[in-house]
Amino acid sequence: METSTNQDPSSESGRDGFRSGSRLERVLREGNFAVTAELGPPQNADPEVIRKKAKVLRGVVDAVNITDNQTAIVRMSSIGAAVLALQEGLEPIAQMTCRDRNRLAMQSDMLGAYALGLRNLLCLTGDHQSFGNHPMAKNVHDLDSMQLIQMAVGLRDEHKFQCGDEIKGQEPRFFVGAAANPFGDPFEWRPLRLAKKVKAGANFIQTQLIYNTARFAEFMELVRKQGTHKEVYLLAGIGPLKSPGMAKYMRDEVPGLDVPNEFVDRMTAAAEGIDKEDKKGRNAAWRAEGIKIAIELVQQVRQIEGVSGVHLMAIEWEEAVRPIVEGAGLLPRPEPAPVPAAA
Amino acid sequence: MIIAEQKPFEEIKGLLGEAEKVLVVGCGTCVTVCFAGGEKEAGILATSLRMATRIDGQPKDVTHQTVQRQCEWEYIDPLAESVRQADIVLSLGCGIGVQALAERFPEAIVVPGLNTSFLGLPTEQGVWEERCAACGSCILGLTGGICPIARCAKQLLNGPCGGSQDGRCEIGHDTPCAWQLIYDRLKAQNRLHLLLEIQPAKNWSTSRDGGPRRITREDLRLAAEVSE
């Protein structure tokens, strides 16, 4: 029988209560209003795409979500793209969905991701493959997002694989995140599901896109009644609208989104008076209005108790992030103190 | 019961190839009840094949028989002579029936006339819905008698995902969200606390993931077989 594990003392669990000591964790622990953004990997193997997007976001946000085959479309792997972003001086939040991998592959990817320097992990169920470009694929869903959170936390805090075997040596230590959709149905279930994810061990939450801030405030009221806001950092999801068409599409077609007509009208009005042939002019007017709305939304959600930050989802429009963060008065980003050295 | 539907006619014709003597075998159990492969469907298909192959200029000799259950030896053994005389056997049983014929009559070429679809029930005349995924480890006691393995597109175990909207699943407006159904039923029964407990990772080894499954009941085995 072995008398001791060969555990690296520098990986001591929860030193000073830090889960992973990631920048995002430190920013939040210091009480800053955090800003994260989203970086979608390309549908090819070109690292330059990531590097270019990373440059646009560097210094503007505290961490960046690297999506995992989002909307079930094949893209560069989240972990691969995250490492490229890391090399460009961004802190990545690797996303991991339950759709494409079983528990073996997920744990193996967590070991690899940690070894490559990743420190944040967002645990998701994943969009159904019928939305993507391989609708004939077999989906996995060996675990659901709740169980994925439990597994990531178990690797970190119990030094155990999901099967119960001990991890001999360095365990992967992630600041573990999860998603919440305040606008999914049933409405009264959503705060309970959030609490369940926190119970599973989630350290931070990023929400689905919020346009209906009144309804989001109702959701947050329920969250506060449960006391969940004191147990987890909640980042409100905000995304700039690009055009009236996009606003309508999100209002009418995307399950789990609630876009009030007000924003469709504002986006439509933004290009009024601009000649229909002047596509460039109309686009610019729409985008300016989209950014303006996003800034207002950031400011509104910031007033809600229990909101620790914003998660900016400017899908394939990373250039919009800086003006939103700047417009909301959230620049420069804080430089959190490093994790104290081991005693 | 097992729900199946008939393959497209052209695909069936393709499966028969050059064979001249065709034996269509219907089944009197599940596929009869779901109108896919019973006596009536076997008769219609046999007639259609005779007519179509005659029009094609290569008429086949198509006969049909229906057994009470294609998935038990005692019901299919009486087919031995008919099978021997046929060039090919077109089974209108479920996948189990097809394999039972192929296993019992190893010299025969057996092809399927149905696509076996799922374990389910008719929810209204002409509509069948899946209800069970035969995962081998039933959790219906925790989910208000509604199975999320069979009925949630992502087989979630801890409540509805963010794609549940107005009681519908994100994959399509025709699909009810299983977790909304579970939620509503448990709420009505004052048993919502069941949903607050985290369901741990499922043991899929009792499902197909554990390899082909087999149940042995020693109490039911015959002495001679046990001693084999």
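Predicted model: local features only at pLDDT ≥ 70, side-chain atom pairs only at ≥ 80, totals over all residues.
Two strands pair if DSSP finds at least two bridges between them. The predictor assigns the complex an ipTM of 0.92 and a pTM of 0.93.

**Confidence**

- The mean pLDDT of chain A is 94, and 95% of the residues of chain A score at least 70.
- Residues 1–13 of chain A have a pLDDT that stays under 50; for this segment the model has 12 contacts beyond four places in sequence.
- Chain B averages a pLDDT of 95, with 98% of its residues at 70 or more.

- Strand β1 (residues 34–39) and strand β2 (residues 63–66) of chain A are paired in the parallel sense over 4 bridges. Within this pair, A:Ala37 has A:Val64 of β2(A) as its bridge partner.

**Helix packing in chain A**

- Helix α4 (residues 103–115) and helix α5 (residues 145–157) of chain A pack at an angle of about 45°, and their axes are 11 Å apart. The arrangement of α4(A) is therefore oblique to α5(A).
- The crossing of α4(A) past α5(A) is right-handed. From α4(A), the contact is made by A:Arg103, A:Met106, A:Gln107 and A:Met110; from α5(A), it is made by A:Leu148, A:Met151, A:Ala152 and A:Leu155. The residues of this contact comprise 6 nonpolar, 1 polar and 1 charged.
- Helix α9 (residues 261–270) and helix α10 (residues 279–302) of chain A have axes that come within 8 Å and cross at roughly 145°. The crossing of α9(A) and α10(A) is also described as right-handed.
- In that contact, α9(A) contributes A:Phe263, A:Arg266, A:Met267 and A:Ala270, while α10(A) contributes A:Ala285, A:Trp286, A:Glu289, A:Gly290 and A:Ile293. The residues of the contact of α9(A) with α10(A) divide into 6 nonpolar, 1 polar and 2 charged.

**Cis peptide bonds in chain A**

- The peptide bond from A:Asp185 to A:Pro186 is cis, with omega near -10°. A:Pro186 is located in the loop between β5 (175–180) and α6 (190–200) of chain A.
- A:Leu331 and A:Pro332 are likewise joined by a cis peptide bond, with omega about -5°. A:Pro332 lies in the segment after α11 (321–327) of chain A.

- Strand β4 (residues 88–91) of chain B pairs with β5(B) in the parallel sense over 3 bridges. Here B:Val89 stands opposite B:Val110 in β5(B).

- Strand β1 (residues 2–6) and strand β6 (residues 114–124) of chain B pair in the antiparallel sense over 5 bridges. B:Ala4 stands opposite B:Thr116 in β6(B).
- β6(B) also pairs in the antiparallel sense with strand β7 (residues 127–132) of chain B, over 5 bridges. The bridge partner of B:Leu119 in β7(B) is B:Cys132.
- The hairpin of β6(B) and β7(B) has 2 residues between the strands, and in this hairpin B:Gly126 takes a positive phi near 85°.
- B:Ala134 has a positive phi of about 50° although it is not a glycine. B:Ala134 lies in the loop between β7 and α7 (148–151) of chain B.

**Contact between the chains**

- The contact takes 24 residues from chain B and 26 residues from chain A. On the side of chain B that touches chain A, the residues divide into 12 nonpolar, 9 polar and 3 charged.

Notes:
Residues numbered from 1 in each chain as written. Chains lettered and ligands numbered in written order. Axes fitted to C-alpha atoms, helices over the stretch in contact; angles between N-to-C directions. Parallel < 35°, antiparallel > 145°, perpendicular 65-115°, else oblique. Left-handed = near helix turned anticlockwise from the far one by under 90°. Contact = placed C-beta atoms within 7 Å. Nonpolar A, V, L, I, M, F, W, Y, C, P; charged D, E, K, R; others polar. pLDDT = per-residue confidence, 0-100.
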